[in-house]
Amino acid sequence: ALYVLPPGFAESSCHSRIFWMKLNKLLLQGKFFQLEISDPYAGPILLDEKLASRCGYVLSEDVWGNPVFRASVLGCHVANEADELFSLTVNIKVSSFSSMRAAVTYTYPMYCSYSSWASREIVCEENYMEVSVKTDVPAVSNDYTVAWMSALPETQNVAYQLWQLMFVSPSGRKRITVSDAAKLGYSFNNTLSRVYLRAPYHSNESDVSVVSGVNMNMVTSTSMYRQRWLLLLIDTTVSCPVDGISFTDTTLTWTVPSIIPTLVVQESTFVSKNILMGVDDQVIVNPEEKNYLLEYNETHIRITIPIGAEGGKLKSSISGGIYGVIYSIDLFLEHTWTDTDWQTTKYTVIKSVTTPFMPQIPTVINNTLPEERLFNVAFGHFLPDVSLVAIAIGNVPFTLREAQHHGFKIYETPFSNRTKGFILEVSLDDPYVLKEYVNRNETKYTLLINYTISVGPEMTLYYHSAEVECVIADIELPEAVGHCDEENLYLAIPTFGLHQHWNLYLGNKLLNRHVALTNGYLAATNSTHLILQIPLLAVGVIYEDVSFQKIKARFDVALRKVRTMEILQMFSVSCSFNSSAFIICHPDGTITVSAQMKTVPAIDMSKTKLRDSSCKPREYNEGHAFFKFHVTTCGTSVRFEGDHIIYENEISYEKETLPGQSIPTITRDPDYRLTVLCYYRAKETLVLGAFASDPSTSLSFGSGTMVPRSNIAVNRRIRQALNVVSRVSKDESFTEFYEPNMAILKQPVEPVFLEVELKDKSPDTELHLENCWVTRSLDFNSTPRWNITVDGQVVIEWPMQS
């Protein structure tokens with residue numbers, strides 16, 4: 001059964017003596033179709049590729065995906081009235097099944113009127129070449145070419161009243177009948193006033209030559225007809241371009257030779273009359289209005305089209321997991337010229353051009369609004385055939401519906417050049433946003449996005465990940481408040497952000513509960529603050545100024561970043577204290593003692609001393625004496641006890657004696673002795689030497705005590721002491737050594753062989769020799785001094801001889 005074609009299903013036109021028919025793809029969605037050529041005598045003939053190229057048909061798609069059918073008016077089964085009126089009927093069969101069962105058939109007649117025939121017309125279609133020649137013009141040229149001269153001897157063998165064809169190719173000459181030519185894919189026939197030959201590309205009889213840089217496929221042939229005294233020889237040579245397309249990132253260029261030597265024998269007589277370009281089946285009258293460029297010179301006709309220009313179509317594509325676009329456009333070129341051999345030649349080339357895949361890496365634009373605490377991220381640019389189907393935030397997948405329900409905002413936005421993008425809005429405070437404390441008072445918010453987009457009608461999935469950051473100064477550094485009472489320093493520190501963003505450090509030690517308890521601090525917390533109570537003489541207190549009965553003390557806590565340990569702020573409390581009795585063991589080995597002497601009767605404090613009687617009090621009054629000395633001076637002794645180094649000295653009173661006749665000696669003053677002890681942890685580094693910086697700024701880490709002489713053996717368990725021995729060897733064998741305390745005389749050029757040995761079996765004990773020097777006396781601080789090693793490096797400095 002035949003049916004009436006639905007409105008808008010098909011449209012047709014006639015241009016350059018070619019039938020054009022286009023079907024609407026929207027009305028064919030989900031359907032299968034076939035075309036049949038309707039012949040009133042032979043019936044319907046199914047269109048296939050072999051029939052198409054021989055009969056002058058083309059079945060393809062335009063750039064928008066609509067099926068396109070083209071047919072030459074000289075094609076098979078076309079009704080021809082006087083070479084002016086042409087008609088062709090096509091059956092369009094549509095079915096819901098690939099087997100085409102239960103197909104509906106629509107009959108579609110097409111009509112074309114064409115009377116302005118040129119002497120020679122050549123059509124270069126996608127799948128065939130066609131040349132038609134008027135037969136009422138002189139058939140033999142005055143210019144006897146090689147092809148013509150080679151044809152003459154063959155004319156004697158031309159069959160009577162029968163068309164024959166002779167092909168000339170690099171492999172030689174071949175003369176065949178029209179029926180044999182049809183078997184090779186050629187189509188030859190004559191109408192009332194014309195002869196035409198249709199040839200496939202790349203046949204055995206064809207040849208490829210390069211003309212002005214363009215490859216041309218050429219079939220050189222002579223059509224021959226003999227009747228009585230008439231011998232008709234017609235040049236039916238045809239030549240068509242098979243390439244000539246080039247691309248840049250922004251344009252495509254189609255080049256066709258202006259003059260084709262096989263078609264123009266006498267180039268000196270060549271005159272170009274008219275050049276037209278078109279898109280689809282429409283002539284473009286003013287190409288420049290559409291940004292097309294049509295150029296012509298003596299060798300080339302060149303058409304340049306911007307990528308994405310109107311008339312063509314950009315299509316999204318995925319190649320190797322990369323997003324990109326492909327641009328397609330259907331062009332035709334019509335060139336009309338004259339020369340001596342042919343009055344007029346109309347040369348038409350139809351070309352469907354598609355660019356290679358052009359990667360278009362999508363861009364992610366960060367339009368975040370910090371003042372609104374909102375990520376605003378644009379993702380583009382995409383063609384309209386792309387859609388967003390899903391996202392993942394922080395590796396958590398969301399469909400678009402789930403994302404909207406969670407509170408993310410997603411919407412499309414138009415961009416320039418008919419492209420679009422996708423906007424995503426996410427709150428900085430969303431739980432899926434990563435947050436990191438950076439710099440002094442800033443938070444870095446990181447949004448990890450994975451986009452899933454659907455590309456093209458094939459709905460190919462494409463994935464793109466992005467990382468967007470926003471840094472905002474939205475963290476307030478805490479401020480500590482300090483005060484003191486008579487015996488303690490206090491620091492109140494806000495607990496917000498503690499251990500999350502920052503930690504408190506005492507020197508290089510993390511200030512935790514264990515450190516606080518070990519050092520004798522009291523730590524308490526309420527809902528907002530950590531309160532530290534630090535006794536005046538506790539470890540970690542810095543003594544800025546220590547004088548007679550007065551101490552200026554400071555306690556510092558460093559606020560450090562958790563990850564980088566960078567110091568952000570120092571919290572300090574500083575106060576002055578009045579104290580009548582104290583002992584302070586400084587880290588540089590300096591000991592300051594304010595001793596209170598309660599004796600009956602009272603003694604003269606100016607006459608108190610240390611073990612070295614030359615070490616007198618710096619200041620004193622009736623009941624107190626103030627001493628300041630180094631652990632290496634004033635007769636201070638050292639011993640190891642457990643994990644402590646103990647330095648000991650003694651404050652005593654020099655009694656005045658009365659001369660007597662016999663022993664015992666009579667004194668008028670009481671006996672007074674006060675032992676001074678400083679405990680240093682053996683694992684700490686105690687620097688005993690000259691200081692470049694003010695030692696008062698260093699943390700005190702020694703603890704001191706003063707005990708009467710009778711209590712010097714305090715209730716402390718004696719543990720193993722470190723056994724360190726140093727000796728000077730007589731030679732490099734280290735077998736014989738000088739006796740201790742023996743004077744050694746060496747010349748400046750003689751080496752000194754020094755050995756320091758740690759005789760301790762504890763696996764946790766290590767020996768490092770850092771500084772070693774020579775002095776003229778046993779006093780630790782005597783000058784001058786000459787270095788042997790400094791920081792473990794040998795730097796011999798010998799004294800100058802007098």
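Cys 575 counts as buried, with a relative accessibility of 16%; buried here means under 20% relative accessible area, exposed over 50%, and partly exposed in between (1.4 Å probe, protein chains only). Cys 484, at 24% relative accessibility, counts as partly exposed. The structure is a predicted model, in which local features need pLDDT of at least 70, side-chain atom pairs count only at pLDDT 80 or more, and totals for chains, interfaces and linings use all residues. Residues are numbered from 1 along each chain as its sequence is written, and side-chain values use heavy atoms, with hydrogens and water left out.

Cys 484 and Cys 575 are joined by a disulfide with an S to S distance of 1.9 Å; a disulfide is taken as a pair of cysteine sulfur atoms within 2.5 Å. Cys 484 belongs to strand S40 (residues 481-484) and Cys 575 to strand S48 (residues 567-578), so the bond ties together parts that are 91 residues apart in sequence. The link of Cys 484 and Cys 575 is right-handed, with 90 degrees about the S-S bond. Helices (H or I, at least four residues) and strands (E, at least two) are DSSP runs, numbered from the N terminus.

## The Cys 585 to Cys 678 disulfide

A disulfide also joins Cys 585 to Cys 678, with an S to S distance of 1.8 Å. This pair links distant parts of the chain, 93 residues apart: Cys 585 is in strand S49 (residues 582-585) and Cys 678 in strand S58 (residues 673-681). The torsion about the S-S bond of Cys 585 and Cys 678 is about -90 degrees, so this disulfide is left-handed. Both Cys 585 and Cys 678 are buried.

## The Cys 55 to Cys 76 disulfide

Cys 55 and Cys 76 form a disulfide with an S to S distance of 2.2 Å. Cys 55 lies in helix H1 (residues 49-55), and Cys 76 lies in the loop between strand S7 (67-72) and strand S8 (79-81), so the pair ties together parts that are 21 residues apart in sequence. The torsion about the S-S bond of Cys 55 and Cys 76 is about -85 degrees, so the disulfide is left-handed. Cys 55 and Cys 76 are both buried.

## Overall disulfide pattern

In total, the count comes to 6 disulfides. When the bonded cysteines of the protein chain are numbered in sequence order, the pairing reads 1-4, 2-3, 5-6, 7-8, 9-12, 10-11. Cys 470 is buried, with a relative accessible area of 6%.

## The sheet containing strand S7

Strand S7 belongs to an open sheet of 4 strands, in the order S2-S3-S7-S6 and with antiparallel pairing. The edge strands are strand S2 (10-15) and strand S6 (57-61), each of which pairs on one side only. From one strand to the next, the twist averages 15 degrees, where axes are lines fitted to C-alpha atoms, for helices over the stretch in contact, and angles run from 0 to 180 degrees between N-to-C directions.

Two strands pair if DSSP finds at least two bridges between them. Strand S3 (residues 18-23) and S7 run antiparallel and are joined by 5 bridges. Lys 22 has Val 68 in S7 as its bridge partner.

## The sheet containing strand S49

Strand S49 belongs to an open sheet of 4 strands, with the order S49-S50-S53-S52 and antiparallel pairing. Its edge strands are S49 and strand S52 (619-620), each pairing on one side only. S52 and strand S53 (residues 624-630) pair in the antiparallel sense over 2 bridges. The bridge partner of Glu 619 in S53 is Phe 626.
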